Amino acid sequence: MELHELTIKQATAGLQKRLFSCEEYVAHLLRRAGRQARLNAFVSFDASAMLALAREADRADAEAALRPLHGMPIAIKDNINTVMLPTTAGTAGLSSRFPRTNASVVQALFSAGAIPGGKTNMHELALGVTSNNCWSGPVRNPWNIDMIAGGSSGGSAAAVAGRVSPAALGTDTGASVRLPASLCGVVGFRPSVRRYPGDGIVPVSRSRDVVGPIARSVEDVALIDEILSGHRQALEVLEPRAIRLGVPRAPFFQGLDSNVQTVIEAALSALAGAGVQLVEISLGSVNLWNQKIGLAAVLHEMARDMPHYLNECGYDLSLEEIVAGISSPDVAHLFAQRRELEISGNAYHAALDARVHLQAAYAECFSAHRLDAIVFPTAPMPASRVGEDHSVLLNGRRVPTFPTYIRNTDPGSNAGIPGISLPAGLASTGLPIGLELDGPSCGDRRLLAIAAMVERALPPAPSPPDLDQLQGGRDAPELNQHSLRAAATL
């Protein structure tokens with residue numbers, strides 16, 4: 001197996017056995033990053049620093065026991081604070097800004113032996129689902145670079161799927177870890193709200209924002225979860241016949257793309273064949289409560305929390321100055337709605353009240369049906385073409401891009417429960433399709449154990465072709481100035 005195909009567990013085992021050095025591993029990934037540069041997955045990179053840290057890791061290897069992430073280059077979404085590299089949240093107003101301290105989640109990775117693997121491209125200010133960023137350029141899907149990687153953590157998912165990083169951190173407010181993981185064919189985990197420290201993150205909605213790991217195996221995601229949560233707990237090995245999964249036909253299976261329908265039904269058949277108990281349920285009430293939360297929480301909380309973030313970082317900037325520098329039309333339109341809506345405290349408190357009802361609906365569902373988790377398609381369709389920011393074609397109809405892609409992920413986000421997207425298979429077009437599992441609040445390790453069982457029951461996820469083997473992408477523009485600077489360090 002080539003070095004770039006190794007998972008974290010496999011790579012750290014190889015280092016322990018002296019099959020290769022950390023410097024050799026990092027140098028190989030840096031060469032890989034150069035070959036995959038057209039994915040536009042990164043906005044900043046320091047190859048020299050990565051190699052220097054890898055050499056330090058090799059020296060430490062000779063003197064002490066290896067830490068869990070020894071020498072692993074972990075990519076970081078560009079809205080998570082890092083001292084070594086700027087944190088821009090994909091917007092001009094934060095260009096070249098260096099925060100005073102690392103986010104706690106970043107520091108936890110470094111304390112576990114990881115090295116900074118670059119800052120990943122994203123949807124501007126994390127307010128979208130395509131990662132088609134007009135300031136830093138679009139992130140492109142490793143399976144077909146004419147297609148989106150998903151958002152807002154598109155660069156993190158593309159870096160992992162493109163075999164440039166063994167793992168990455170993203171953030172998830174409504175879909176932003178699980179959706180790009182689904183569209184790129186990797187594993188993306190959204191933990192329960194407040195499971196990980198939330199400081200040092202450019203805010204969107206503090207009541208929903210979470211950091212989430214993206215990797216190529218549940219085992220690696222579970223390892224990062226241990227490190228970020230501070231709770232060291234081995235995953236229980238579960239027997240399929242002991243697990244009850246709810247299948248919410250309404251509303252999560254309605255109006256699916258035919259490829260998604262076929263792949264997910266095949267996955268469910270595989271789980272049933274392995275002995276998993278599948279229980280048909282309805283969760284129709286979740287949409288009713290979820291729609292009442294909508295933009296109210298996002299716009300109210302961002303207006304309140306962004307100034308606090310800017311002040312903590314020591315930036316002499318206002319939210320209005322950042323808004324004035326927005327480049328992406330869809331994000332600018334969102335803030336135009338803020339002016340029209342003038343989200344009031346009353347609307348915000350109504351949204352919080354709706355969240356209580358939404359959480360109760362989920363809790364009642366898990367309890368009444370004695371469910372370990374629910375299972376459904378992460379997204380109703382595979383990746384769409386880059387540039388389809390406002391509408392996409394689903395089952396012959398033009399539908400709005402943003403609500404279509406998040407319709408299955410957003411309710412669990414608003415309820416604050418954990419969710420994980422796993423690769424389920426490929427569409428006839430060769431694009432990945434994801435299967436999501438959502439579990440009860442604070443049942444994160446149990447959900448990860450269920451995901452590991454599901455992963456074992458499904459066929460292994462394939463690797464995407466190298467970029468030089470792809471047929472698409474002939475119309476892909478040259479790398480923009482931000483990507484060129486990152487590529488120039490490789």
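This is a predicted model: local features need pLDDT of at least 70, side-chain atom pairs count only at pLDDT 80 or more; totals for chains, interfaces and linings use all residues.
Salt bridges come first. The structure has 20 of them. One joins the side chains of Arg208 and Asp410, with N and O 3.0 Å apart. This pair ties together distant parts of the chain, as 202 residues separate the two. Arg208 sits in the loop between strand 9 (187–190) and strand 10 (210–215), while Asp410 belongs to helix 16 (residues 410–415). Both ends are tucked away: Arg208 has a relative accessibility of 5%, so it counts as buried, and Asp410, at 11%, counts as buried too.

A second salt bridge runs between the side chains of Asp225 and Arg445, at 2.9 Å from N to O. Here again distant parts of the chain are linked, with Asp225 in helix 7 (residues 218–229) and Arg445 in helix 17 (residues 444–457), 220 residues apart. Asp225 and Arg445 are both buried.

The salt bridge between Arg249 and Glu280 has its closest N and O atoms 3.1 Å apart.

Now for the pockets. The largest pocket holds about 860 Å³ of space. Its lining is made up of 31 residues, and Leu295, Leu334, Phe402, Pro403 and Ile406 are the ones nearest the centre. Several helices each supply at least two lining residues, namely helix 10 (284–291), helix 11 (294–313), helix 13 (329–341), helix 15 (401–406) and helix 16. Sorted by class, the lining has 13 nonpolar, 13 polar and five charged residues.

The second largest pocket contains about 670 Å³ of space. Of its 32 lining residues, Gly198, Asp199, Gly200, Ile201 and Arg206 lie closest to the centre. Strand 10 and helix 11 are the elements that give two or more residues to this lining. Which of them gives the most? Helix 11 does, with five residues. By class, the lining of the second largest pocket comes to 14 nonpolar, ten polar and eight charged residues.

Note on methods. Residues are numbered from 1 along each chain as its sequence is written. Side-chain values use heavy atoms; hydrogens and water are left out. A salt bridge is a side-chain nitrogen of Lys or Arg within 4 Å of a carboxyl oxygen of Asp or Glu. Helices (H or I, at least four residues) and strands (E, at least two) are DSSP runs, numbered from the N terminus. Buried means under 20% relative accessible area, exposed over 50%, partly exposed in between (1.4 Å probe, protein chains only). On a 1 Å grid over the protein atoms alone, a cavity is a set of points where a 1.4 Å probe fits but cannot get out, and a pocket is an open set with protein on both sides within 12 Å along at least five of seven lines; lining residues have an atom within 4 Å of a point. Grid points are joined across faces, edges and corners, and a volume is the space filled by probe spheres set on the points. Ala, Val, Leu, Ile, Met, Phe, Trp, Tyr, Cys and Pro count as nonpolar, Asp, Glu, Lys and Arg as charged, and the others, Gly among them, as polar.
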